[in-house]
Amino acid sequence: MKLEMLSIGPPLTSEQILAVEKVIKEKLPPEYKEFLLQYNGGAPYPNWFKIQWEGQYWALGQEFGIIEYFLSIYADRPAEFFHYYKIFNGRIPSDTIAIGFDPGGNLILLGKGKANYGKVFFWMHSYETNEEMESDYSNVGFIANSFNEFIDSLFPEL
């Protein structure tokens, strides 16, 4: 099924994406850059995805998720990348960035570190670690090995 995007952000330039990379101190995966240049965030359809949890027994029954919105960059709206970067820096694993969210405020993460570069994850805020603890993957499920794999795996409502 072809991806449709609603409520996309204003057009981006390559220079604006370079500014993001400077802030996160990592190169964004090329396929995600292409997505940003084409849409700059927005509400996708289809928007359901499968989540794989490893050893997180509390997640039973949480095998599917919905992406409500991909974050925009330099857009004057609440779902803006830098806004989320500031709020969740230190709360999500340090080798990830938030790129979207579900209707309940859980996040879609993109790996930016060597081990998880380009992989897509689901971060469940209700199982967030204590503020004094360093964030880890205990409340994170796996979605896809790449951004394009994630987009290709989206399906309509169950």
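Predicted model: local features only at pLDDT ≥ 70, side-chain atom pairs only at ≥ 80, totals over all residues.
1. In helix 1, Val20, Val23 and Ile24 meet Phe81, Phe82 and Tyr85 of helix 3. By class, this contact has six nonpolar residues, with no polar and no charged ones.

2. Now the geometry of that pair. Two packed helices are described by the angle between their axes and the distance between the axes. Helix 1 covers residues 14–24 and helix 3 covers residues 81–88. They pack at an angle of about 5°, and their axes are 12 Å apart. Angles under 35 degrees count as roughly parallel, and helix 1 and helix 3 are therefore roughly parallel to each other.

3. Helix 3 lies across strand 6, strand 7 and strand 8 (120–123). Against strand 6, helix 3 runs at about 125°.

4. Five strands form it, in the order 5-6-7-8-9. The pairing is antiparallel. Strand 5 (69–70) and strand 9 (140–144) stand at the edges. Each has a single partner strand, so one side of each is left without a neighbour in the sheet.

5. Strand 6 (residues 96–101) and strand 7 (residues 107–111) run antiparallel and are joined by five bridges. For Gly100, the bridge partner in strand 7 is Ile108.

6. Next, the second largest pocket. About 160 Å³ of space lies in this pocket. Its lining consists of Leu3, Glu31, Glu34, Phe35, Gln38, Tyr39, Phe147, Asn148, Ile151 and Asp152. Helix 2 (30–38) supplies at least two residues of the lining, and so does helix 4 (147–153). By class, the lining has five nonpolar, two polar and three charged residues.

7. Which peptide bond is cis, with omega near 0°? The bond from Tyr45 to Pro46. Pro46 lies in the loop between strand 2 (43–45) and strand 3 (48–50). Check this loop when viewing the backbone.

8. Two backbone angles remain. Ser7 is not a glycine, yet has a positive phi of about 55°. Ser7 is found in the loop between strand 1 (4–6) and helix 1. Lys25 is not a glycine either, and has a positive phi of about 60°. The place of Lys25 is in the loop between helix 1 and helix 2.

Methods. Residues numbered from 1 in each chain as written. Heavy atoms only, no water. 1 Å grid on protein atoms, 1.4 Å probe; cavity = no way out; pocket = protein on both sides within 12 Å on 5 of 7 lines; lining within 4 Å. Points joined across faces, edges and corners; volume = space filled by probe spheres on them. Helix = DSSP H or I, 4+ residues; strand = E, 2+ residues; numbered from the N terminus. Nonpolar A, V, L, I, M, F, W, Y, C, P; charged D, E, K, R; others polar. Axes fitted to C-alpha atoms, helices over the stretch in contact; angles between N-to-C directions. Parallel < 35°, antiparallel > 145°, perpendicular 65-115°, else oblique. Contact = heavy atoms within 4.5 Å. Pairing = 2+ DSSP bridges.
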